[in-house]
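Open the model in your viewer and keep the sequence panel beside it. This tour goes from one side chain out to the whole chain.

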Amino acid sequence: MPIVLAFVWAIFLRLFAALCVYTLLIAEVVVMILVCVYLSAKAGWLDDAQNATVRVSDVLNGTVSDLLTTADEADQTMYSIFAAIAIIVTVLNILLLIIYRRCISRLIAIIEECTKVFKDMFYIVLWPLGSLVVQAGVFVYGLVIFYFLFYVWDSEELYVQARAREHRHRPRACCALRGPNRAR
């Protein structure tokens, strides 16, 4: 399955490199903003917003109000420091994304160019499959060896031990003639 997903990922990058890059950048900014909102709410900076979260939490059964409630007095200072740092980092990240928009366009062009190798040199994609087949063969060989070591020979050994017990307890013809008390 991972090999199939790798091929699908390569095709996806070939067709949708720009969409993939921009989606990841937007997701990064959204997550950073959500972290800022969470830390700000815990620091007590969004007390007016808690009235709105109470209305929303009625719809979501209290999960939002639990997340955005103000922290204890002892923890508010810590949350305030972390919220300020998160806001500064988020603003810097957005500014750098705006400044480096040409670099992001070049990145997309490089990704599109690099994925052309899958079309032009298709056998380079299939080359690792040879080693995968060899590794799978060695793995199966190891499983067969473990099967023989721990199951087949072990049960055969029990069979041989059972036959030896039978042979010891079965009276022999020469011993039956002599009897138990006769000398050899």
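**First stop: a phenylalanine**

Select F16. This residue counts as partly exposed, at 38% relative accessibility. The model is a predicted one, so read every value here as computed from predicted coordinates.

Show both rings. F12 and F16 form an aromatic pair. Ring pairs of this kind are described by the distance of the centres and the angle of the planes. Here the centres lie 5.3 Å apart. The planes make an angle of 50°, and the pair is tilted.

**Next: the helix that carries them**

Select residues 2–43. This is helix α1, and both F12 and F16 lie in it. They are four residues apart, about one turn of the helix.

Ring pairs link W9, F12 and F16 into a cluster. How many aromatic pairs does the structure hold? There are two.

**Last: the whole chain**

Switch to cartoon. The chain has eight helices and zero strands. From the N terminus on, the elements read α-α-α-α-α-α-α-α.

Colour by burial. Of the 184 residues, 18% are buried. Then show the surface.

Finish with the contacts. Take those between residues at least 6 apart in sequence: 76% of them join residues at least 24 apart.

Note on methods. Residues are numbered from 1 along each chain as its sequence is written. This is a predicted model: local features need pLDDT of at least 70, side-chain atom pairs count only at pLDDT 80 or more; totals for chains, interfaces and linings use all residues. Side-chain values use heavy atoms; hydrogens and water are left out. Helices (H or I, at least four residues) and strands (E, at least two) are DSSP runs, numbered from the N terminus. Buried means under 20% relative accessible area, exposed over 50%, partly exposed in between (1.4 Å probe, protein chains only). Contact means heavy atoms within 4.5 Å. Rings of Phe, Tyr and Trp (its six-membered ring) pair if their centres lie within 6.5 Å; planes under 30 degrees apart count as stacked, over 60 as edge-to-face and the rest as tilted.
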